Amino acid sequence: MKYIVFILFTVMTNAAAQLMLKQGMMSLGPISFEGVNPLVKLLQIVFSPWVFLGLCTFVISMASHLYVLSKVELSFAYPFLSLAYVAVAIFAYFVFREDLNGWRIAGIACICVGTVLIAQSGRDLGERGHEDQTASITPDKIQTNETVR
């Protein structure tokens with residue numbers, strides 16, 4: 001559980017990137033490739049300020065996620081990324097005035113309950129399982145493939 005701060009940082013940067021990408025695409029308006037070189041249009045999209053900032057934020061999120069994966073089990077860390085949906089849905093409601101109806105709220109509640117259950121399992125396996133697995137690899141267990149000429 002000591003890596004939970006890094007996991008939540010990954011979740012929040014992932015959600016922030018989504019919000020920035022949405023803002024960027026709203027500022028660009030409807031996309032059309034008619035009469036335009038698709039590569040030029042793609043570069044215009046990628047290098048528009050909000051989209052570019054969102055993509056950079058995704059890189060930060062991915063770097064954080066890679067750090068987390070080096071410390072805890074994938075089956076523990078990955079489900080926390082579903083909390084990005086929760087954050088995006090809530091922030092999109094307030095920032096973009098997107099719909100947050102009963103079905104979405106029920107889904108958000110299910111995601112939160114599931115994440116809490118997974119977090120509870122991490123008290124036993126989250127960090128220790130990964131370290132035990134890594135520690136169990138010894139040089140005599142490593143096999144190499146050699147080709148005979």
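Modeller: In this predicted model, a residue is called buried when its relative accessible area is under 20%, and exposed when that area is over 50%.

Colleague: Which residues of α3 are buried?

Modeller: Helix α3 spans residues 49–69. With the cut-off of under 20% relative accessible area, the buried residues of α3 are Val51, Gly54, Thr57, Ser61, Ser64, His65 and Val68.

Colleague: What arc do they cover around the axis of α3?

Modeller: The buried residues of α3, among them Val51 and Val68, lie on the same side of the helix, because they cover an arc of only 135°. On the other side, Pro49, Val59 and Leu66 are exposed.

Colleague: Is threonine 13 buried or exposed?

Modeller: The relative accessible area of threonine 13 is 10%. The limit for a buried residue is under 20%. Threonine 13 is therefore buried.

Colleague: Which element gives the largest share of the largest nonpolar core?

Modeller: This core has 16 residues, and those that touch the most other members are Ile7, Val11, Val68, Val72, Phe76, Phe80 and Leu83. The elements that give two or more residues to the core are α1, α4, α5 and α6. The largest share is five residues, and the element that gives it is α5.

Colleague: Which residues does valine 11 touch, not counting residues up to four places away in sequence?

Modeller: Valine 11 is one of the core residues that touch the most other members. Leu83 and Ala84 are among the buried residues of α5. With nearby places in sequence left out, up to four away, valine 11 touches Phe80, Leu81, Leu83 and Ala84.

Colleague: How many aromatic pairs are there, and what kind of pair do tyrosine 3 and tyrosine 67 form?

Modeller: The count comes to five aromatic pairs. The rings of tyrosine 3 and tyrosine 67 lie 6.4 Å apart, centre to centre, with 70° between the planes. An angle over 60 degrees counts as edge-to-face, and the pair of tyrosine 3 and tyrosine 67 is edge-to-face.

Colleague: Where in the chain do tyrosine 3 and tyrosine 67 lie?

Modeller: The two residues are 64 residues apart, and their pair links distant parts of the chain. Tyrosine 3 lies in the segment before α1, and tyrosine 67 in helix α3.

Terms used:
Residues numbered from 1 in each chain as written. Predicted model: local features only at pLDDT ≥ 70, side-chain atom pairs only at ≥ 80, totals over all residues. Heavy atoms only, no water. Buried < 20%, exposed > 50% of the residue type's maximum accessible area, 1.4 Å probe, protein only. Helix = DSSP H or I, 4+ residues; strand = E, 2+ residues; numbered from the N terminus. Expected span 1.5 Å × (residues − 1). Arc of directions from axis to C-beta. Core = buried A, V, L, I, M, F, W, Y, C linked by side-chain atoms within 4.5 Å. Contact = heavy atoms within 4.5 Å. Phe/Tyr/Trp six-rings, centres within 6.5 Å; stacked < 30°, edge-to-face > 60°.
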